[in-house]
Structure formats: structure tokens, C-alpha cells
Amino acid sequence: MRPGNSRYPISWPAARKLTCCASDLHCRAPNLTQKRNMDLYEKIRALPTQPGVYLYKNAEGEVIYVGKANNLRARVRSYLLDASQANAKTGSLMREAVDIEYILVANEHEALALENNLIKQRKPRFNILLRDDKTYPYVKLTLADRFPKVFVTRRLRKDGSAYYGPYFPGNLAYRVVELIHRSFLLPSCKVDLSRYHPRACLQYYIHRCLGPCVEGLTTPDAYKQAVRDAQLFLEGRHAELERTLTSRMMAAAEAEQFEAAARLRDQLSTVHQLQEKQRIATAELNDDADVFGYHFEDDSLAVNLFHVRNGKIVDRREFFWEDLPSLTEAIGDSEQGSEIRAQQEKAGAPRPDSGTWDSTTSSQPVFHAGVVFSALLKQLYIDQQYVPRSILVPVDFDDRETLAALLTERTGHKIEIAVPQRGDKKSLVDLAAQNAHQSYTQRFRVLEPSRKAIQEALADTLMLPELPRRIECFDISHIQGAETVASLVVWEDGKMNKSAYRKFKVKTVAGVDDFASMREVVQRRYRRIRDLAGDLSNSQTPGPLQTPGPARSIKTAPSRQEVSGHDFSRAIEAKEEAGALAPEGRSSKEPTTMPSLILVDGGLGQLHAAADALESLGFTSQPLASIAKREEVIYLYGNESEPIVLDRRSPVLHLVQLIRDESHRFAIGYHRQRRAMRDRDSELLNIPGVGVQTRQRLLTHFGSLRDVQQATAESLAAVVSRKTAETIWQHFHMTQPADQPST
């Protein structure tokens, strides 16, 4: 069994696919439904009795359900029973299904794995899908590159790179990468290292990178040795790394290369510290487990997953599903109902708060939690490289032992999926259930999460190296390329900082070109920080992006007296030449650091335009993302192939939408302001005989367009000729609306 099949993620040598197609499905005869059902039922009755996976399809040919069975015929025929079709989910499924496909496999393990792959690939709407696509981060070393880099990633690909992890909690991966930056000087930037560049970025000058982007700053052998050291460090081969570093340090000292020897000494000190921490950890309880708990109420479900590592809870994960009436079923005093109730009470499943659990009634809704956990555990663990030895669940499910055997076979060590009944493990399951209840309340009863919780969720979702304190968002606004402007809004410490908003008039772009406009605006915004960082590097070594606030441009805005004649367009443009405009009456204090995240309104084009601007300024490690309109998809620069689709209830999505919508509002407001100024200035130019110089004399004399409109012909004649004055007066006073009755 090897991956590689073009249609299914796993190739099954012993499998053979038998497809039955309904005949003339698009016929509109009156007996279509009856004929279709007869065709489907005949196919079901002809299924083989071997293990396999079955796929129900609707009239459009879409896969709407995927299931597995040890005996295909017996399992699929059970859908035809009246008792099965009384269930909401099964009844709806069979009303929509018009065709069925199946794949025969050798055993139940293969059926389990293939079912999981097909569910992830096809996403059938009648299956329970893992909506939360979160995976824990890995450290990626791009060994296939000419100069390998080190990244944090959540996707494992067969691209020749080495992956290390997963790391719990998620920010541990970022701390490891930061340690590699400081100790081994391997970069994480997005700079193209397949060619040389004219200058190095700031990371080289603050000793976080060897500078492979510039010819002569390092050698391929030196870089290769740094990559080798980083590999030993990530693989945990600290003793071997210590011997290598000690040998090279002594050799560098004997050659009187004291700077290189000092750097190797610092790396050796880091390795010693890690070894001490490792000895302490191994002396503690070495017990890894994943613990599940759930809360179900009003057809909505919350599941909590605790990651226990070395006997300590190191992280928590949440899952949510809505509108799950198909998982509840009215079961009375039948033998099946008694068994289900006894199983749930024995497992300690939390009773819903809605009062639907009533032991005194003869018929009550029962939630089939085992169906959920069967689907959830398959989607979580089958494709994972690391699986803890113990998985604790609150309820039993049909293929629990089969799944444990499959995971044991794939990981090479024994995996236990247990339903604890008492003791410490049962207490952990109860604790997870209590937290699931709290998660349900916060999610479905609309309790506002704390600012720190949102910051942590945002940092985790967008893979930020630290909690975001300041987010700057850009948007472009124009009408068919006319009066193109841009806005910058700032979210800082949990709220919008309106005093930090900025307006930009796009100067170098003609016509409709949002990408070039975004590139210009981002470049103008952050050029000052780059320039000041360059000035500081000549006098002292600055910290990473901790450059003081940028100085204002030398050229200042003209005074009120200099803006004569009330030429508002010229006044605005003169101010913008001095820099971006701050909102009226607000302080124009600039930030002293780069933001935690730069967000742009748009898709991949706007994202790459902003990235080009930042790279041209030397900011190669700046977190950057974009949010596309309508689809509400977030693209993270460097991981564009893995767009982030958040749940519509996600607080992270709400925050990003809030910032994006504010930037859109601010940009549209500024665009309307400039358009009104343009129209106001051009009003006089529409009058025959009035040119630019005449308009200027009129505005200078009267002070405003309104005063010109209210002036008499005699007053106007004092500035212009009598004939032009009469023309101007008639333009403003003799024209009346067509629907106004004459007097």
C-alpha cells in the first residue's frame, strides 16, 4: 500500500472499483423518482459481501456520503430498513441518493484509512466533517534549496524538506526558530536565495543571518556547516553537536579567529542549557495522552481536546458543530435505548442543560456521541506523524479497537484508545467535559472573549511569532482610476487607534492599477523606518526592527497664508508632499516600531504588491496577510497555497473583518472628499469665458465659491470684465430646475 493514486490518496493493490451508473437520470418522466429508487435498490442488493468503502451520489454526481463496512451488502442494505430511514440524516440521505460506488479492500484497516482519505478529499455533506482545520506547527528546514531556510509551518509536504515536531504549545515552534536565528544564523525570510542581491537586509546586520543573499558575505561551506548544526539541534543529537562545536571552537581559537570562536562558544552554551532542561524533563512523569470531552445542547456540539505531555496539560484545542439534529434520535424503553442511555451514563457524558434528558419520559432524544468521536479521531490521527500512546474518550464507539490497531500499525508503537471509568484518567475526561461546556457557552451564547484570548487566537491562526499589539491595514479606493487614494487604519492594544490613521493620495500610478497603488503606498509608509534604521546602523547596532520613530520629511506643508486663493486641491497636494495626512485635529505621531502584522484589503495580487514594497525596503521577515472580499479568505504571505478559511463565528475572523471594514470606510470617505473638491474647483471652469487664471482671481477676491455664487454682477465686474461678470451671474441665478413651476 503506497500513496500515489491520482484519484485517491492511497493506492490499494488488492482493491477493484465497481461503479454502477443510474440510467437516464436526466429524464423528466413522471415515474423518474420511482425508477431511480428501483435502480439504486437493485444495485444495493447486488453488492458483494467483502470489506470496502461505499460512496453515495446525488443526481449531479456529487459524493454526498462516504462509509465503510466489513460486509458491504449487509451494511448498505441496512439503509433500506424503515427504522433506519426514520432517522433524519438517513432519511434525507436516501431521498437524495441516486447512485452508489464502492471500492473493495483487503481488510477493515484499509477500509478505515480509505474512508478517512475520501472524506477529507470529497467533503461529503452527510458526513461529520472536522471544520476546524488547525494543526500544530512543525519546524521546516528546506534542505532542497541552494541555501536552506528554517520556517514554522502547519502543512507537511513531500518537497525534499525536513520537518520536526509537532510542537506543544504552538508558540514553542517559534521560540525554536528564533533560537536557530540567534545561534546558527539561518534565515526565515522570503528573499529569493537562488540569485544574489545588491545588499543584505537588517537581519544580517543584527547577527540573525549569515547573509547568503549577497555575494561574499558567507561561503557555501560555512552555510552548509550551519545547516548541519541546526539539523543536529532539531534532531535532539545534542551530544554529537556538543562534540562538533567544541572541536571547531578549539580550532578557531588556535587559528586566532577569536570572533568565530566566541560565536561557537555561545552556541555551545545554548546546547548545554538545553541538555540540562532535558535531564529535568526526563526525571518527571513521562506520560503523553490526548483527552477528549464534549457538551451537546440544542443541536450544537462543543468538543475540547487536552494535550497532556510529560504528565502536564500543555495545550487545549476546541471543535464546534452546529445543526446536528440527525445525531439525536427519540428512543424509548427499547433495548437499544436502554443500552445507549446506560453507556452514556456509565461514561459520565454531561447531560444537556436544555432539559431534554428526562428519565421519567418514555421517549427522549438521545445524542449519539460515539458517531462523532469515531469520525473525529479518524480525521485527527490517521494522517498524523505523531500520535500519543494514550487517547482518552468519554464514550465508546464501534470501530475503536480497529482504529487503535491501525494507528499502532502506522506509528510503530502501541496506541490505546480508552474509555476511563474511574481514577485520574476519568478526572481528566471530566475536566475536558467541563471546559467543553464553557466553550459551548462562549461560542453559542455569544460571550465576548477577552482581548488576550483574541490576540492568542490571532497569533496562532496567522502563525505570528508573538501576540499582536499593533495591526496596520491598507485599502485602495477609486472610481475607474480617477482620484485614486489609499487609507491606513491602525488597531492597537485591543481597539482602533484613530489618531494613527493616515490618508494617501496615489501619485505615481495612472489609471486602474490596484497592485501598483498598493505597492506605492506601502513603500511610502515604511520607507522612513528603513531610512532611520540605516542611519542608526552607522552609529550603533540597532535591535531587531526596534528602530525609533521615523522623522518627518524635510519639506513641510505650506502655511495658511501660502495657500492663497482657497485652491483646496493644491492645498491638499502640498500637505501630502510632506507625508501622509493624519485625520483632522489628531496627533501625527509616528510609530517607533514595525507593526505586529500588516493587513491589506484584497487578494493575492495586493498581497504580493505589498510584499514587493517591503522587500525593496529590506523588511523580509515582516508578518503580512490579506483578506479577500466576499470569500473572506485570509492569505498569509509565504503560505499562499494554504489559504485560511475561518468559521463565520470565529472571533479572529470578526476582528480581521472589523479592521478591514474600517480601512474600507476610511478610504471611501477620503475618496469622496477629494472628488467633492475636484467638482467644486471645476464648477467655475464650466462657465464660458472663465479659465484657470480667472477662477483663481475670483476665489482670491471673494474667498470661496459660495461667495462667488452670492455676488452681484456689479461686484463680479470689479474683478473680471462686464461681459464675463454677467455670464457668471446668469450661470448661478438664471438656471432653474425643470420641474419648478414658473411664477
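A residue is taken as buried when its relative accessible area is under 20%, and D229, at 1% relative accessibility in this predicted model, therefore counts as buried. The partner of D229 in a salt bridge is R248, with the closest N and O atoms 2.7 Å apart. In contrast to the buried D229, R248 has a relative accessibility of 25% and is classed as partly exposed.

Side chains of opposite charge can pair when their charged atoms come close. Across the whole structure, the search returned 32 salt bridges. One of these joins E101 to K57, whose closest N and O atoms lie 2.6 Å from each other. Because E101 is located in strand 4 (residues 99–104) and K57 in strand 2 (residues 52–57), the contact ties together parts of the chain that are 44 residues apart in sequence. Both members of this pair, E101 and K57, are buried.

A further salt bridge is formed by D493 and R469, for which the separation of the closest N and O atoms is 3.0 Å. Here the two residues are placed in loops: D493 in the loop between strand 16 (482–492) and strand 17 (495–496), and R469 in the loop between helix 15 (451–461) and strand 15 (470–479), so that a pair 24 residues apart links distant parts of the chain. As to accessibility, D493 is partly exposed, with a relative accessible area of 27%, whereas R469, at 52%, counts as exposed. Apart from these pairs, a network of salt bridges links K68, E108, E115, K378 and D399.

With regard to cysteines, the structure contains zero disulfides, the criterion being a pair of cysteine sulfur atoms within 2.5 Å. For C209, the closest cysteine sulfur is that of C189, and the distance of 5.9 Å is too far for a bond. C213 likewise takes part in no disulfide, the nearest cysteine sulfur, in C201, being 5.7 Å away. C209 is buried, at 8% relative accessibility, and C213 is also buried, with a relative accessible area of 9%.

Conventions: Residues numbered from 1 in each chain as written. Predicted model: local features only at pLDDT ≥ 70, side-chain atom pairs only at ≥ 80, totals over all residues. Heavy atoms only, no water. Salt bridge = Lys/Arg side-chain N within 4 Å of Asp/Glu carboxyl O. Helix = DSSP H or I, 4+ residues; strand = E, 2+ residues; numbered from the N terminus. Buried < 20%, exposed > 50% of the residue type's maximum accessible area, 1.4 Å probe, protein only.
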